[in-house]
Amino acid sequence: GSLLSLYRKLIALRSGSQALSVGATAQVGAEGTAGTPMALRREHGAEAWVLVFQFASEPSTLTLAAGDLPASTEYIDALDSAVFTRPSVADDLLIPDVQGRGFRLLRAQL
């Protein structure tokens with residue numbers, strides 16, 4: 001649970017992912033119940049990730065715009081294995097309870 005352990009895991013994720021290391025980046029429309037979050041899409045080949053950052057100090061439910069997301073209905077957080085789904089690719093993705101000043105690294109299940 002240390003910061004060093006988190007950094008090691010993040011470095012391993014980046015080293016093992018073409019999308020995270022050299023993939024194209026695009027901004028994803030995002031709204032939060034607290035503050036203004038930022039979300040990015042990283043893609044390379046058949047691999048896609050959505051990186052979500054909550055800048056407000058309080059927890060928030062985030063809404064990511066459907067049109068900006070990879071064509072997937074299921075996203076798995078690489079750090080805690082939480083699964084987030086949306087009914088169809090035409091629906092926004094809701095991410096509840098993102099902790100204040102927290103982030104999510106979501107791998108799209110294409």
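The model is predicted; local features require pLDDT of at least 70 and side-chain atom pairs count only at pLDDT 80 or more, whereas totals for chains, interfaces and linings use all residues. Residues are numbered from 1 along each chain as its sequence is written, and side-chain values use heavy atoms, with hydrogens and water left out.

Side chains of opposite charge can pair when their charged atoms come close. Four salt bridges were found in a search of the whole structure, a salt bridge being a side-chain nitrogen of Lys or Arg within 4 Å of a carboxyl oxygen of Asp or Glu. One of them joins Arg104 to Asp77, with the closest N and O atoms 3.2 Å apart. Because Arg104 lies in strand β9 and Asp77 in strand β6, this pair ties together parts that are 27 residues apart in sequence. Strands (E, at least two residues) and helices (H or I, at least four) are DSSP runs, numbered from the N terminus. Arg104 also meets Asp80 in a salt bridge, at 2.8 Å from N to O. Asp80 is placed in the loop between β6 and β7, so that this second pair ties Arg104 to a part 24 residues away in sequence.

Arg104 is buried at 14%, and Asp77 is buried at 3%, while Asp80 is partly exposed at 45%. A further salt bridge is formed by Arg107 and Glu47 (3.8 Å, N to O). This pair links distant parts of the chain, 60 residues apart, with Arg107 in strand β9 and Glu47 in strand β4 (residues 47-53). Arg107 is partly exposed at 36%, whereas Glu47 is buried at 13%.

Strand β5 (residues 60-64) has a covered face made of Ser60, Leu62 and Leu64, and an uncovered one made of Thr61 and Thr63. Strands count as paired if DSSP finds at least two bridges between them. Strand β2 (residues 30-32) runs antiparallel to β5 and is joined to it by three bridges, with Ala30 opposite Leu64. Four bridges join β5 to β8, also in antiparallel fashion, and Ser60 stands opposite Val98 in β8.

The largest pocket holds about 190 Å³ of space. Its lining includes Leu10, Ile11, Arg42 and Leu105. Two or more lining residues come from each of α1 and β3 (38-44), and the largest share, four residues, comes from α1. A pocket is an open set of points on a 1 Å grid over the protein atoms alone, with protein on both sides within 12 Å along at least five of seven lines; lining residues have an atom within 4 Å of a point. Grid points are joined across faces, edges and corners, and a volume is the space filled by probe spheres set on the points.

Ile11 belongs to helix α1 (residues 3-15) and counts as exposed, at 54% relative accessibility. Ser81 lies in the loop between β6 (74-77) and β7 (83-85) and is exposed at 53%. Arg101 lies in the loop between β8 (93-98) and β9 (103-108) and is exposed at 61%.

Technical notes: Buried < 20%, exposed > 50% of the residue type's maximum accessible area, 1.4 Å probe, protein only. 1 Å grid on protein atoms, 1.4 Å probe; cavity = no way out; pocket = protein on both sides within 12 Å on 5 of 7 lines; lining within 4 Å.
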